[in-house]
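Thanks for coming, everyone. Please have a look at this model while I walk you through a few points.

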Amino acid sequence: MTSSQAPAQTGPQAGGAGASVSPRKRRRFSMLTTQDKVVLWIMAGIPTLLVAFFIWLPTIASVGLSFTNWSGIGGLASIKFAGLKNYQDLVTIYPPFWPAVEHNVIWLGFLLLIATPIGMFMAVLLDKEIRGTRVYQSALYLPVVLSLAIIGFIWQLQYSTSDGFINSALGLANTDHFIDFLGDSKINLWAVLVAASWRHIGYVMVLYLAGLKSVDPSLREAAAMDGANQRQTFFRVVFPVLRPINVVILVITVIEALRAFDLAYIINRGLNGLELLSVLVSNNIIGEASRVGFGSAIAVVLLVISVGPILLYLTRSLREEAQ
Amino acid sequence: MTAVAERAPATVEAVAYRRKRIRWGRVGLHTFLIAMSVLWLFPLAYAVYTSLRPYDDTAKRGYASLPGVLNFDNYITAWNQAQIPHYFINTLIIVVPGVAIVIFLASMVAFTVSRFRWRFNLALLMFFTAANLLPAQVVITPLYRLYLALPLPAPLSDNGLFYDQYFGVMVIHIAYQLGFCVFVLSNFMKTIPNELTEAAVVDGAPIWKIFWQVTLPLCKPALAALATLEFTFMYNDFFWALILIFTGNKLPVTSALNNLKGEFFVNNNLVAAGAVLVALPTLIVYFALQKQFISGLTLGSTKG
């Protein structure tokens with residue numbers, strides 16, 4: 001941007017809904033000296049290039065490569081255009097694809113319909129004036145600091161067959177009737193989802209508690225004056241007011257479900273009942289039989305699914321900026 | 001609607017009845033909350049407990065049992081035989097500069113978009129934020145190829161490439177986390193009164209000085225929160241190093257644990273000790289820096 005351009009006082013008017021909000025006073029770029037402008041360009045430019053090169057370039061390349069056939073050997077010249085072949089193979093002859101889609105959908109459904117509401121419910125309970133609320137909050141939020149890889153290990157201690165706590169406690173550990181939580185493809189996805197929810201519930205609780213704290217107390221008082229009970233106050237007053245954070249939590253849940261990788265990989269490398277799109281992507285690039293185009297096609301499926309939630313998040317959270 | 005009809009004049013009996021009911025409600029609530037808390041703490045507490053029991057003890061009595069002996073032998077074995085300290089150092093080499101650089105770079109971007117109105121503000125914020133929301137697997141295939149092809153000179157790389165290097169993993173952490181940090185910091189900087197910057201500009205202070213000496217010191221709480229959070233994010237990462245590092249003993253500790261499992265952690269007691277050891281730094285964050293961690297999380301997702 002040069003000084004000859006019109007003052008850039010109006011950002012893109014993407015969502016100029018709340019006209020009553022007065023625009024924030026910020027210094028116009030064009031009023032700065034040339035030297036200051038150069039410095040600003042560098043300050044914003046270096047990080048931008050970094051993200052462009054290491055995140056957006058590979059993203060675009062994923063899309064491009066998904067239409068090609070490449071083993072990764074023999075340089076870029078050996079890349080051959082393959083049209084939609086990879087996608088066709090993916091949906092027709094690649095056995096783990098549909099199970100992976102199914103598991104991702106189950107993962108999302110479980111988080112969305114069970115874990116997220118529990119997290120929100122716990123936040124609502126703990127937002128009240130309760131003795132020891134901080135202690136309860138701390139207990140529920142503990143798993144949030146742990147990595148999903150460690151969570152995988154911790155839950156293996158519960159689930160394993162002959163040495164696991166659950167089987168031992170049920171007296172099944174050294175019998176033939178033990179429950180194979182992680183090996184039986186009928187139940188292992190659910191066992192892993194319990195472990196994933198252990199963390200997700202705490203995460204949602206933390207976010208929602210912050211949202212609840214931001215609700216103007218006079219709203220609740222007004223509702224109470226009008227004779228609303230707690231449930232009515234929450235569903236008719238608080239919940240609608242928290243619409244922005246509800247959307248954020250929705251988006252975070254969807255993205256967490258798409259990102260699900262570590263737990264499945266730790267437990268059995270995403271095989272036998274734990275196939276997930278994210279694991280299929282990495283299975284196609286590590287190892288000798290590297291199928292770059294094919295792996296990229298799976299990545300593009302992930303990308304296409306995540307575009308919706310990402311856009312939703314951006315329009316929600318950056319709306320203020322657009323005004 | 002029914003609640004309105006129910007609102008009879010507040011007689012003495014009604015008030016007394018109400019109090020009693022509320023008290024019972026409280027008892028139920030606390031019972032429920034205690035049960036939830038115990039349930040939530042149990043998996044980690046059990047891991048700690050199992051890690052303190054020698055294998056022989058659990059072999060004899062079973063895993064769901066009271067202890068005969070408790071000691072730190074499993075930790076000593078894990079620490080020495082599996083070379084846990086070595087992997088901790090690998091993690092530090094990646095995470096310490098990673099956190100410092102990502103916060104430094106992000107604060108520069110946040111400064112430009114929050115203090116000045118220029119045309120690309122919104123586009124730039126979207127560019128950064130969206131990059132952090134993408135699943136890592138979307139970028140990994142081309143990134144893996146890029147790392148195998150991209151040259152990196154000697155002190156930073158021992159094979160001349162980005163692939164299989166601490167530096168390479170650090171760079172992708174920085175690039176991936178920049179979006180989140182920019183988002184959090186620009187939200188925070190918008191809450192700082194603009195008059196401070198204005199005054200400095202009018203005084204003719206150069207932009208860098210305004211950034212470094214006026215704005216950044218005011219952002220200390222946000223920077224501390226973000227540093228705590230980013231430390232945990234990078235420390236907890238399993239995926240980037242798994243794909244981008246080939247040599248087993250270069251792995252950061254979180255990714256290394258999976259490799260060590262088959263080789264050294266031959267029973268659940270040792271697995272428990274290894275998991276608790278690796279979780280320890282994040283548990284320290286949990287106990288000592290809870291406030292920073294939570295404020296970082298919530299700044300990143302509720303403000304907007």
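Let's start with Met205(A). Leaving out residues up to four places away in sequence, Met205(A) touches Gly119(A), Met122(A), Ala123(A), Leu140(A) and Tyr141(A). Contact here means C-beta atoms, placed from the backbone, within 7 Å.

A word on the source. This is a predicted model: local features need pLDDT of at least 70, side-chain atom pairs count only at pLDDT 80 or more, and totals for chains, interfaces and linings use all residues. Residues are numbered from 1 along each chain as its sequence is written, while chains are lettered from A and ligands numbered from 1 in the order in which they are written.

Back to Met205(A). Met205(A) sits in helix 7 (residues 188–213) of chain A. Helices are DSSP runs of H or I, at least four residues, numbered from the N terminus. Is Met205(A) buried or exposed? Buried, because Met205(A) has 26 C-beta neighbours inside 10 Å; the cut-off is 20 or more other C-beta atoms within 10 Å, again placed from the backbone. Phe53(A) is 152 residues from Met205(A) along the chain, and their C-alpha atoms are 35 Å apart.

Next, chain B. Helix 8 (residues 166–190) of chain B has 23 of its 25 residues buried, so the rest of the structure largely encloses it. Helix 8 of chain B also bends by about 40° at Gln177(B). That bend is the angle between axes fitted to the seven residues ending there and the seven starting there.

Last, the interface. 96 residues of chain A are in contact with 93 residues of chain B. On the chain A side, helix 1 (residues 34–65) gives the most, with 18 residues.

Definitions and conventions: Contact = placed C-beta atoms within 7 Å. Helix = DSSP H or I, 4+ residues; strand = E, 2+ residues; numbered from the N terminus. Buried ≥ 20, exposed ≤ 12 C-beta atoms within 10 Å, placed from the backbone.
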